[in-house]
Amino acid sequence: MRPRQLILPMFVAEGLDEPRPIASMPGVVQHSRDSLRKAALAAVQAGVGGLMLFGVPSTRDAIGSAGTDPDGVLNVAVRDLRAEFGDDTVIMADTCLDEFTDHGHCGVLDDEGRVDNDATLRRYAELALAQAEAGAHLLGPSGMMDGQVGVIRQALDDAGYIDVGILAYSAKYASAFYGPFREAVDSQLKGDRKTYQQDPANVREALREIELDLAEGADMVMVKPALSYLDVITAAAEVSNVPVAAYQVSGEYAMVEAAVAQGWLERERTVLEILTSIRRAGADMVLTYWAADAAAWLD
Ligand code: PBG
């Protein structure tokens, strides 16, 4: 494991004067515009390879308008960091609607309240353009809509953003481990995402999703969560001809931190052992909330 293989997910919330702690993720915060810049600088100096940004807007609606608004919290943050870092780090944006919708789903809904895949794709294309325009190097479509990579690639190419890449959340499972993330982004979700995320029992579907995303133009593919899906990471690495990422998600972070707080686990040893396991399984890079700490430990 090397520091540059670590990517730090970060949350930035609209209207904050100072960072706000996320109770279920001790040590992780919702950043203000200013604290985001400082924390990003510290992470880049520690040697991480990139930053994945999530926005927490103060107003939400049915179509997630704040996501495509050039003055929306995520686009502003991307613009800030690109101005600060240029090409010195890789700036990534979450290309999804759930943070921005008042129902908390990753897409727009039809008349019966179901997620409308194809209407959502049109919103993703707009989201992608707003994020590329703001200066994102890499987009992370995390909503698991069918066809999302192809639609985003086409929209980027048509607008001349041929160098903006796509980190495809290809094998994303409907996981209990996303629990603390709901608090991190003040999610409005009631219910679940089982109609668009994958069944934890199914590995073949993950491979089919990866194949589709590669055919649609993914520059990297991702498996998520990480620790309970090491076999999927290995299977992905076997079939993928692009780098494979793994996302060590909020619940994976929370369970270790909770045990560390009790004095039941040693943080550094435990975290480095898990990260090494994810690498050993075949991940080329890992998104982790410990990215900056781990980069310093590995140095
Ligand atoms: C959706 C998204 C989620 C996460 C990343 N992107 C939430 C979900 O799918 O329910 C979860 C990340 C984590 O738990 O750390 N935009």
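## Ligand and cavities

An oxygen atom of the ligand lies 2.7 Å from an N or O atom in the side chain of R182. The model is predicted, so local features need pLDDT of at least 70 and side-chain atom pairs count only at pLDDT 80 or more, while totals for chains, interfaces and linings use all residues. Residues are numbered from 1 along each chain as its sequence is written, and side-chain values use heavy atoms, with hydrogens and water left out.

| Ligand atom | Side chain | Distance |
|---|---|---|
| oxygen | R182 | 2.7 Å |
| oxygen | Q197 | 2.8 Å |
| nitrogen | S142 | 3.0 Å |

The protein covers 100% of the 400 Å² of accessible area (Shrake-Rupley method, 1.4 Å probe) that the ligand has on its own. Around the ligand are 17 residues (a heavy atom within 4 Å), the closest being D98, R182, K224, S250 and Y289.

The ligand sits in the largest cavity; sitting there means that more than half of its atoms lie within 2 Å of the grid points. A cavity is a set of points, on a 1 Å grid over the protein atoms alone, where a 1.4 Å probe fits but cannot get out, and lining residues have an atom within 4 Å of a point. There are 2 cavities of 30 Å³ or more. The largest holds about 100 Å³ of space. Its lining has 13 residues, with D98, K172, F181, R193 and K224 closest to the centre.

The second largest cavity has a volume of about 30 Å³. Y178, F181, K224, Y247, V249, S250 and Y289 line the second largest cavity.

Terms used: Polar contact = N/O pair within 3.5 Å; in protein donor to acceptor, adjacent residues only side chain to side chain. 1 Å grid on protein atoms, 1.4 Å probe; cavity = no way out; pocket = protein on both sides within 12 Å on 5 of 7 lines; lining within 4 Å. Points joined across faces, edges and corners; volume = space filled by probe spheres on them.
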